[in-house]
Amino acid sequence: MKHARRWAIPVLAALALVGVPLASAGPPIVTGVSPTIGKIGTSVTITGTDLTGAIAVTFNGTAAGFTVNMPTQITATVPGGATSGPVSVTTPDGIDANSTFTVTAPPSVSGYTPTSAPIGTSVTITGTDLTGAIAVTFNGTAASFTVNTPTQITATVPGGATRGPVSVTTPGGSDAGPTFTIASPPNVSGVSPTIVLTPPSPVQRVTARAGDRTIVLTWARPTAKDLASIRITRSIVGEKASTTVYQGLGTAFTNRGLQNGIVYRYVLVALDKAGNTSAATVVTATPVAPLLVNPRPDARIVAPPLLRWARVPAARYYNVQLYRNGVKVLSAWPAISRLQLTQTWTYDKRSRKLSPDRYTWYVWPGVGDRAAAVYGQLIGKSSFVVVAPRV
């Protein structure tokens, strides 16, 4: 028995050093899904913490097939009958549903008006489930377009288009309608048509701001009078394949459903009505998952929130600090990666209350005994807003 006691502490210490948990890791935490939109049968990567031992994954309540890849990742398939809503993961320690997935139906193109027109003509495409269209092509040639309603798109016949079907692509799939004919432009007798060969100016003042599984692009349009659209293609740095993710006349685009930690490359070009293309403007960005999980940044809440953050394997405890208008109102040292706030509490010998206002919170991991007060690098900073309940 003396030998057993003598070895107990070194063995436990060794397990802790290599990251082997000495107790139950706690309920699962879902931090995101990628992609966030897709059709039935889409493979979805679910990220989070404490996902080992998952016994169920559901899409808005519909059970899905899944594989646990690692404690922080699950791959699931959007099941038949699933609808848009939260994605939940259940383990023997609990359940969490902190991310949503939008289920899309494939588009259906029924026709267009007119069915024959010269390059540069505006064409109305009709069908169903056209919302969220990311590409319109005339026999394979990309066109500028605007989604008017779920059943209607307006597109411009692009330069270089040939006779063939017009197709629409959405996150739910692609569909092509009947044959569209490229007509010759009208020509006044004795007058030759004007052919524009000068390309538009490049897209200016491009910025890329990365977030959690998202990248927000902004830009300034060229001032050309015959500007037809801005086209954005996306690729992963180091890979050749690219995808058109936007085409239109806007000045901003949010690319959702990305994978955190991947460097994405965006190429922006301007197209005029004659089909000329500007020089490319290129930006890169890398989406990053937030380590402070709940509440979401700038969330508006009524009840005291459950603060949750990513678990640090080496942490023995955490220090959570809460500020209101720059004044610290709480400092706590939970042993697990979550802290339930209350409506009232005492801090620094004063009574405090979670009144309507903006709050900012910080989390640090504690290493070793709490009395040693040794802390690791800041895990993260986030804010939430407490609002008064509606009467």
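Are Asp369 and Arg316 buried or exposed? Both residues are exposed, and in this predicted model Asp369 forms a salt bridge with Arg316, with the closest N and O atoms 3.6 Å apart. Because Asp369 lies in the loop between E34 and strand E35 (374–375) while Arg316 lies in the loop between E28 and E29, the pair ties together parts that are 53 residues apart in sequence.

**Other salt bridges**

- The structure holds 7 salt bridges, one of which pairs Asp212 with Arg296 at 3.6 Å between the closest N and O atoms.
- This pair links distant parts of the chain, 84 residues apart, with Asp212 in the loop between strand E19 (204–210) and strand E20 (215–220) and Arg296 in the loop between strand E26 (292–294) and E27.
- Asp212 counts as buried at 18% relative accessibility, whereas Arg296, at 27%, counts as partly exposed.

**Nonpolar core**

- The largest nonpolar core has 23 residues, and those with the most contacts inside it are Trp309, Leu322, Trp361, Val363 and Phe384.
- Several strands each supply at least two residues of this core, among them E28 (306–309), E29 (317–324), E34 (357–367) and E36 (380–386).
- In soluble globular proteins, nonpolar side chains tend to be buried together.

Key. Residues numbered from 1 in each chain as written. Predicted model: local features only at pLDDT ≥ 70, side-chain atom pairs only at ≥ 80, totals over all residues. Heavy atoms only, no water. Core = buried A, V, L, I, M, F, W, Y, C linked by side-chain atoms within 4.5 Å. Buried < 20%, exposed > 50% of the residue type's maximum accessible area, 1.4 Å probe, protein only. Helix = DSSP H or I, 4+ residues; strand = E, 2+ residues; numbered from the N terminus. Salt bridge = Lys/Arg side-chain N within 4 Å of Asp/Glu carboxyl O.
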